[in-house]
Amino acid sequence: MIDNKIIETAALQIMSNAAIDIPPDYRQGIEDMAKWEEGELSCFVLQTMMDNWNAATEDRRPMCADTGLPRYYLKIGNQARLADGFIGLERALRSATARATHDIPLRPNRVHPLWRTDHNNNVGINAPEIDWSFEPDVDWIDITTVHKGGLFGTDYRMLFPGDGIDGIKRFFLDTLVAFGKRGLACQPAIIGIGLGGSKDTTMVLGKQAACLRVVGNRNPDEKIAELELELKKLGNSIGMGAMGFVGNSMVADCHIEVGFTHTGGMPISVHAFCLSSRRATVRIFADGSCEYRHDPMWFTPYMRRETVEWPVKQAGAKASV
Amino acid sequence: MASQASGRKSVRLKIPLSTEDLRSLEIGTVVYLDGLIYTAREGVYKKVLEDGCEPPVDLASIGNVNFHCSPAAAVEADGSFTVGGVTATASFRFAKWMTQWLQRSQAKVIIGKGGMSVEDYQNILVPAGAIYLTTVGYGTGALLGRGIKAVKSVYWIEELGNAQAMWIFEVENFGPFIVESDLDGNSLFEQHGELINANLEKLYAGLKAPALARYGETDDRKDELI
């Protein structure tokens with residue numbers, strides 16, 4: 001039985017971890033890019049961002065003042081038991097958000113879209129978003145928080161099967177060029193691509209692909225993995241680097257997630273995470289112990305299952321890394 | 001004070017910047033600032049320029065640097081402030097208020113994210129004798145947060161919220177910023193954009209247009225999109 005107080009304390013901790021400490025996979029990705037970046041200004045920007053991450057960790061202050069839209073992704077083990085139930089869990093996450101906003105502090109970004117009312121705590125109608133997922137055969141819960149800006153770097157389009165891979169490449173380039181200029185997308189970024197599903201699914205998958213997979217991770221479908229690498233290379237051949245200056249560092253990595261879609265369509269979304277890719281995860285076990293990490297391990301084999309039945313006994317039912 | 005660290009010219013200037021300071025700044029130069037700066041973005045612009053409210057303080061007496069920023073800051077129970085990270089927001093959205101604002105505030109330096117269009121520099125900033133500094137990254141929140149030595153005051157926090165309030169910060173070695181637009185309206189982003197644009201046709205070669213077009217790809221709303 002997992003106590004609600006433990007959930008709230010752990011959620012507060014990952015809010016702080018995400019806001020302050022750049023995930024090591026992303027840092028490594030940018031360090032590697034800085035080595036082969038030929039644009040002098042673009043390279044200056046990458047070096048400055050690395051200085052900024054160091055300053056954030058040393059001072060325990062947020063790496064970016066734009067809190068983005070802080071939110072949560074939950075994975076609930078099928079055998080996990082929550083002392084205060086699902087409602088209690090949601091309440092704990094809303095409370096952690098408000099406390100983190102004051103204590104870290106985070107900028108209170110969340111306002112009513114029409115009245116611009118600001119509760120000064122990043123909590124409001126439909127905020128923070130909480131995405132629920134499940135995992136068979138385990139009794140832990142995973143909570144991931146992501147702080148991602150929300151104004152630029154993302155687009156959606158309904159493509160059709162006849163548009164093919166060319167259509168995907170073209171839209172990918174359109175989005176990077178459109179938001180890469182002046183660096184509005186805060187590149188180089190992890191680029192997530194959602195393909196298929198319904199229109200809303202496409203958007204959700206692309207966002208999760210950008211925010212919940214680490215640099216270097218590949219889709220288990222070999223052909224999709226190849227396409228990820230091809231698109232990464234294509235994005236880095238635009239001639240554009242950090243802040244839209246001349247350079248070749250645009251895409252730290254490219255992740256594609258798919259969902260079965262309408263037989264006549266191929267909807268696509270492209271999402272750019274940012275130079276302050278803020279994500280942090282905690283696993284809370286049944287005994288109340290907590291393990292903190294930077295890899296959300298969101299896309300488990302169960303998440304990507306294709307069949308009616310989930311073969312519980314099969315090897316690989318555990319989370320993939 | 002100027003140095004050439006990492007091959008890029010870098011200067012440190014006191015606020016308010018003099019006309020000579022402004023004239024000496026070439027696009028691409030890295031800038032650090034000392035003195036008082038204030039934040040103002042759409043919330044403040046609307047209140048002063050559309051709702052007709054007097055600015056809460058004589059802006060010209062504070063300095064001549066307007067930062068398009070919302071800090072990650074908290075108000076403590078005793079009324080003091082904790083400032084964590086500080087980063088800029090995208091400036092192009094505020095162009096519609098800038099002519100009036102520059103006149104009203106006498107600001108000569110706009111700091112923000114991403115700059116504004118070359119037309120805006122030519123039509124708005126150049127006639128006002130103002131330049132544009134861009135933040136780096138974006139999101140050097142921790143580095144800029146370190147540069148804030150004190151919150152001198154904050155206005156309209158109740159009505160506008162933390163993010164849109166007018167914050168007045170005492171800053172020291174506050175930066176880095178890059179000169180994006182100079183007194184003549186030259187733009188670093190435009191220069192780099194042109195070099196990148198030269199490669200775009202080749203990049204798209206062979207990628208056919210999708211079956212269904214969108215408005216924006218044609219500006220005539222009477223056009224079919226198929």
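Two residues are in contact, or touch, if their C-beta atoms, placed from the backbone, lie within 7 Å. With that in hand, welcome to the close-ups. This is a predicted model, in which local features need pLDDT of at least 70, side-chain atom pairs count only at pLDDT 80 or more, and totals for chains, interfaces and linings use all residues. Residues are numbered from 1 along each chain as its sequence is written, while chains are lettered from A and ligands numbered from 1 in the order in which they are written.

**View 1. A:Arg170 meets chain B.** A:Arg170 touches B:Tyr204, B:Leu207 and B:Pro210, leaving aside residues up to four places away in sequence. You will find A:Arg170 in helix H5 (residues 164-180) of chain A. Helices (H or I, at least four residues) and strands (E, at least two) are DSSP runs, numbered from the N terminus. A:Arg170 counts as buried because 21 other C-beta atoms lie within 10 Å. The cut-offs are 20 or more other C-beta atoms within 10 Å of a residue's own for buried, 12 or fewer for exposed, and partly exposed in between, with C-beta atoms placed from the backbone.

**View 2. The contact between chain A and chain B.** Here 54 residues of chain A meet 44 residues of chain B. On the chain B side, strand E5 (69-75), strand E6 (81-88), helix H6 (141-147), helix H7 (157-164) and helix H8 (188-204) each supply at least two residues. H8(B) gives the largest share of that side, 9 residues. By class, the chain B side holds 22 nonpolar, 19 polar and 3 charged residues. In this scheme Ala, Val, Leu, Ile, Met, Phe, Trp, Tyr, Cys and Pro count as nonpolar, Asp, Glu, Lys and Arg as charged, and the others, Gly among them, as polar.

**View 3. Helix H7 of chain B and its neighbours.** The buried residues of H7(B) are B:Leu160, B:Gly161, B:Asn162, B:Ala163 and B:Gln164. These buried residues pack against helix H2 (42-50) and E5 of chain B.

**View 4. The two domains of chain A.** Chain A is divided into domain 1 (4-20 + 63-149 + 278-293) and domain 2 (151-272), with bounds that come from an automatic or database domain assignment. Taken over C-alpha atoms, the centres of these two domains of chain A are separated by 26 Å. Their contact takes 6 residues from domain 1 and 4 residues from domain 2. The domain 1 side has 2 nonpolar, 2 polar and 2 charged residues.

**View 5. The largest nonpolar core.** A nonpolar core is a set of buried Ala, Val, Leu, Ile, Met, Phe, Trp, Tyr and Cys residues joined through C-beta atoms within 7 Å. The largest one has 145 residues, and A:Ala11 and A:Ala189 touch the most other members. Helix H1 (residues 4-20) of chain A gives the most to this core, 9 residues. Both domain 1 and domain 2 of chain A contribute at least three residues each. Look around A:Ala11 and you will see that A:Ala11 touches A:Ala92, A:Leu93, A:Ala96 and A:Ile143, again not counting residues up to four places away in sequence.

**View 6. An open sheet in chain A.** Five strands line up in the order E2-E1-E3-E8-E9 (chain A), with mixed pairing. Two strands pair if DSSP finds at least two bridges between them. Strand E2 (130-135) and strand E9 (290-293) of chain A are the edges, each pairing on one side only. Neighbouring strands are turned by 15° against each other on average, direction ignored.

**View 7. Strand E1 within that sheet.** Strand E1 (residues 71-77) of chain A pairs with E2(A) in the parallel sense over 6 bridges. Across this pairing, A:Lys75 stands opposite A:Ser133, and A:Gly77 stands opposite A:Glu135. E1(A) also runs antiparallel to strand E3 (residues 141-147) of chain A, joined by 6 bridges, with A:Leu74 opposite A:Ile143. Because 6 of its 7 residues are buried, E1(A) is largely enclosed by the rest of the structure.

**View 8. Strand E5 of chain A and its two partners.** Strand E5 (residues 189-196) of chain A has 7 of its 8 residues buried, so E5(A) is largely enclosed by the rest of the structure. Strand E6 (residues 251-259) of chain A runs parallel to E5(A) and is joined to E5(A) by 8 bridges; there, A:Leu195 has A:Val258 as its bridge partner. Strand E7 (residues 266-272) of chain A pairs with E5(A) in the antiparallel sense over 5 bridges, and A:His271 in E7(A) is the bridge partner of A:Gly192.

Key
Axes fitted to C-alpha atoms, helices over the stretch in contact; angles between N-to-C directions.
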